[in-house]
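Work through the exercises below with the structure open beside the text. Try each task before reading its solution.

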Amino acid sequence: METLVYKRPESLLKDGHFTFCPGCGHGVVLRMIAELIDEFNIQKDTIAISSVGCSIFLEKFFNLDVAGASHGRSPCVATGVKRCKPDKFVFTYQGDGDAATIGFNETIHTASRGEHITTIMINNTNFGMTGGQASATTLVGQVTTTTPMGRKPELTGYPLHAAEIVSKCDGTAYCARVAITTPAQIRKAKAALKKAFEVQLNGLGYGFVEVLAACPTNWHMTPVDSLNHIENVIEKVHPLGVFKDITGEQ
Amino acid sequence: MAKVLVKGNEAIAQAAINAGCQCYFGYPITPQSEIGEYMGAHLPKMGRVFVTAESELASINMVIGAGTTGAKAMTSSSSCGIALMQESISAMCCAEVPGVIVSVMRGGPGLGNIAPAQADYFQALKGGGNGDYKTLVLSPSTVQEAIDLTYRAFYLALKYRNPVMLLADGILGQMMEPAEFGEYPYEDPDVSTWALDGANNREPRNIVSLHMPEGAMEERTNRLFEKYQAMQENETTYEDFMLKDAKLVITAFGTVGRVAKTAIKKAREAGMKVGLFRPITLFPFPDKALHDVAENADLILDLELNKGQMLLDVRSAVFGACPVEFYGRTAGGLLTPDSIYEKICELYKKIDNKIEAGVN
Amino acid sequence: MGRIVIDKEECKGCYICVNACPKGLLKKSETRNEHGDYPVEFVGDEGSCIGCAMCAQSCPDVAIKEVYR
């Protein structure tokens, strides 16, 4: 007798299709978010906040209520929603261009206020949707369409380490950086997301998970090479880890 | 309810509370900081939401979040702070998110000064945000009217699912006068048909401002403009002060309107037929009513505390029915009853001369 | 003993699953799907799949939509 051990989560729309490039990391993370919403059985009590960039089209994927936000402001929209509906689960889904570049002020203030929301930040070290320009998290030396000779610190400074900074905010209850390069890392990433959900569900504070994700199109690499690039290069600059966990469980 | 002596900013804040404002998000800026201070002192005690945001960008987006849940939400700011909110006001119109924005104008451009002015008429009415959109804009001239229009702002925001701006100036914000609060007089529309509260036994909803499929954005904009047309038909209001036989009609909004009244009374005593047309809704602008008035007038004098902004709407409404003159000061320069009276005398002479010469 | 269900129309041919399968049971198909991509296909013998779901967890497009064990 065979048992079903994995299926498409219910919190994804039945006829929804991810519209990302082949090998893009967004799909894996969105699927894990949907799985967790199923597992916590909070589909009817969740309001998702989309952002600007490849992270924008949540209403095309999720079987959830969705509010949109302008570039960088989804933590503010989430704050407004959560303050009015404190019994709902509210999360923002953002990229590094959104959460760590144009909206980093909003990110750290939301963390400092200890808003009971969860932020998932996909870090693929560039502005993916607009064609691969350098973002705040772009690596030194990384070639992008706006750093064609590679990011030079003397011209454009150094990569911003979002999770490390967010972890220093007093209102942050859980903060981690994860990768989705291998099945083992994907499981760890899901455990981190679960933690970031739980701190909100238990009213402990702000949850933040930065996910290193592949952008094969703008990196000009195959999907598999992109994953190797994350492991071998990006993780050296943006190291994985749990930077804060006020529940004390690791 | 008895009249109380109350400051404009505090009257707006208390009226918002009476209107059922569930949450206030704001960032301090002169000359409207008392609104945030009042809200900070009162809302938490009532179990309502008060958040000092990290910027005006943040506060308007918190209003958006609250608005998507159907809550009555408000922010307030002044000139340069309102400038920062423009992108999101456009987004609110597009996504149909209700919310109340109080704008207490100071001198500009730039950081300008903290003196009263009306130089943000264009900012409130003609965008600053991108795209085809309209913000409902209400313009009070007294503290009493500020209270009444605050009530109306909350009602209209929900009725039309649109941002509503209460456009006041530093004079009104800072002045004290007797006013009566009364009770919130409106019955609010049901929000349960569209508000976000989790997809519980219904299809998921979304309230977003990006509409990419071919034709979708034009279709949405057309629908929004039908809504703006309905506002034009149902919500346009203005004050008619001694217009019936007026040969010289003054147009003015907000506090300038009340200053003009003093000058008009003096002019009437001197036998000059002068009246005031004061738009109360700046969008929808009472252009049809103003055109009708202009058809029976010899001259319109537009008075503003700026270099001529509402003037464009006045001219457009008058559409050549009579000449339009402008008199304004800006960035703290004030129009006094005396200076307005002098201007009236100067212009009325022209009208008299024309009548005398039979060229009218 | 396991089994996977591949929706070949959802597969964009990134082949991350080919890399992830510990038993090497997935390969690039020789025929295109309706979108013009060469989707992955299961090439193991019956009983060779262990139902670990690593392929499904790695798939960015939920194209491996069910896993049985």
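This is a predicted model: local features need pLDDT of at least 70, side-chain atom pairs count only at pLDDT 80 or more; totals for chains, interfaces and linings use all residues.

**Exercise 1. Confidence and chain pairs**

Task: Find which pair of chains shares the most contacts, and state how far apart the closest C-alpha atoms of chain B and chain C lie.

Solution: 
- Step 1. Look at the scores of the model: ipTM is 0.96 and pTM is 0.96. Chain C has an average pLDDT of 95, and 100% of its residues score at least 70.
- Step 2. Two pairs of chains are in contact, and chains A and B share the most contacts.
- Step 3. Chain B and chain C are joined by no contact; their closest C-alpha atoms are 20 Å apart.

**Exercise 2. The interface of chains A and B**

Task: Describe the interface of chain A and chain B by its residues, its buried area and its polar pairs.

Solution: 
- Step 1. Count the residues: 31 of chain A are in contact with 34 of chain B.
- Step 2. Take the area: about 2,500 Å² is buried between the two chains, with 61% of it on carbon and sulfur atoms.
- Step 3. List the charged pairs. There are two salt bridges between chain A and chain B. Asp65(A) and Arg202(B) form a salt bridge in which the closest N and O atoms are 2.6 Å apart. This distance counts because the cut-off for a salt bridge is 4 Å.
- Step 4. Locate the elements on the side of chain A that touches chain B. Two or more residues each come from strand E2 (46-49), strand E3 (65-67), helix H3 (74-84) and helix H5 (104-113) of chain A. H3(A) gives the most, with seven residues.
- Step 5. Sort the residues of that side of chain A: eleven are nonpolar, eleven polar and nine charged.

**Exercise 3. The interface of chains A and C**

Task: Which residues of chain A lose the most area to chain C, and which residue of chain C forms a salt bridge with Glu2(A)?

Solution: 
- Step 1. The contact involves 27 residues from chain A and 25 residues from chain C.
- Step 2. The buried area is about 2,100 Å², and carbon and sulfur atoms give 58% of it. On the side of chain A, the most area is lost by Glu2(A), Val5(A) and Tyr6(A), together 26% of what that side buries.
- Step 3. One salt bridge crosses the interface of chain A and chain C. Arg3(C) forms a salt bridge with Glu2(A), at 2.6 Å between the closest N and O atoms.
- Step 4. Twelve residue pairs are in polar contact between chain A and chain C.

Terms used. Residues are numbered from 1 along each chain as its sequence is written. Chains are lettered from A and ligands numbered from 1 in the order in which they are written. Side-chain values use heavy atoms; hydrogens and water are left out. Contact means heavy atoms within 4.5 Å. pLDDT is the predictor's confidence in each residue, from 0 to 100. Buried area is the accessible area (1.4 Å probe) that two parts lose on being put together, summed over both. A salt bridge is a side-chain nitrogen of Lys or Arg within 4 Å of a carboxyl oxygen of Asp or Glu. A polar contact is a pair of N or O atoms within 3.5 Å; within protein, one must be able to donate a hydrogen and the other to accept it, and residues adjacent in sequence count only if both atoms are side-chain atoms. Helices (H or I, at least four residues) and strands (E, at least two) are DSSP runs, numbered from the N terminus. Ala, Val, Leu, Ile, Met, Phe, Trp, Tyr, Cys and Pro count as nonpolar, Asp, Glu, Lys and Arg as charged, and the others, Gly among them, as polar.
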